[in-house]
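This report concerns a single protein model. Please view the sequence and the structure together before reading on.

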Amino acid sequence: MALRNIMNDQKDDILRKKARIVEKVDFRTRTLLEDMAETMYHSNGAGLAAPQVGVLRRVIVIDDGNGLIKLINPVIVKALGEQQEIEGCLSVPGIYGKVKRPERVIVKALDENGRPYDLEGSGLLARALCHEIDHLDGILFIDKMIPGTIIKQSDLPGV
């Protein structure tokens, strides 16, 4: 496992490109997942998408506090309800803002062994899934932020 550099300039082209489907889940894919998880934890993040570490593949990792989730080629197949919460991003450091997301989502993906599975998430997990899948399509949370809700890190309580 290795720490990867996180792209943290929102103008970086790779963050705005659409990631490619993973055709074959192999050792390289599993290594990428492990490296991404280590990088996410090291950076105190809740999720990370491959484009954020410079790899244009449809791969994400998430930990909403209930353990590590690894997804390959994730697709949201159902979205229900609505929530508006503050989000931040490892690729947009120091900026936070409210984003409208579904309250609950169902995602189809492959696991690290290439087996298909469905994942249902609500609350924070639903937000993280939507946020990271957006990264795979070149979309950043600031693109969806509710106008007037931007908060700079220096304005957060206790910082």
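The sections below cover the overall fold, the opening helix and a set of annotated residues.

## Basis of the model

The model is predicted: local features need pLDDT of at least 70 and side-chain atom pairs count only at pLDDT 80 or more, whereas totals for chains, interfaces and linings use all residues. Residues are numbered from 1 along each chain as its sequence is written, and side-chain values use heavy atoms, with hydrogens and water left out.

## Overall fold

The protein comprises 3 helices and 8 strands, taken as DSSP runs numbered from the N terminus (helices H or I, at least four residues; strands E, at least two). Their order along the sequence is α-β-β-β-β-β-β-β-α-α-β.

For 159 residues, a compact globule would have a radius of gyration near 15 Å, and the protein agrees with its 15 Å; the radius is taken over C-alpha atoms, and the globule rule is 2.2 Å times the number of residues to the power 0.38. The C-alpha atoms fill a box of roughly 45 × 35 × 30 Å along the principal axes. Buried residues account for 45% of the 159 residues, where buried means under 20% relative accessible area, exposed over 50% and partly exposed in between (1.4 Å probe, protein chains only). Of the contacts with a separation of 6 or more, 67% join residues 24 or more positions apart; a contact means heavy atoms within 4.5 Å.

## Helix 1

At the N-terminal end, aspartate 26 caps the helix, with a side-chain oxygen 3.2 Å from the backbone nitrogen of arginine 28. Asparagine 44, which follows helix 1, has a positive phi near 60°.

The buried residues of helix 1 include Leu32, Leu33, Met36 and Met40. Their cover includes strand 1 (47-49), strand 2 (59-63) and strand 3 (68-80).

## Annotated binding site

An unreviewed UniProt entry places the feature "binding site" at Cys89, His131 and His135; such annotations may be inferred rather than shown by experiment, and positions follow the numbering used here, with feature names shortened. Although spread over 47 residues of sequence, these residues cluster in space, with a largest C-alpha distance of 10.3 Å.

Cysteine 89 belongs to strand 4 (residues 83-89) and is buried, at 10% relative accessible area. Among its contacts beyond four places in sequence are His131 and His135. Histidine 135 lies in helix 2 (residues 124-136) and is buried at 1%.

Definitions and conventions: Polar contact = N/O pair within 3.5 Å; in protein donor to acceptor, adjacent residues only side chain to side chain.
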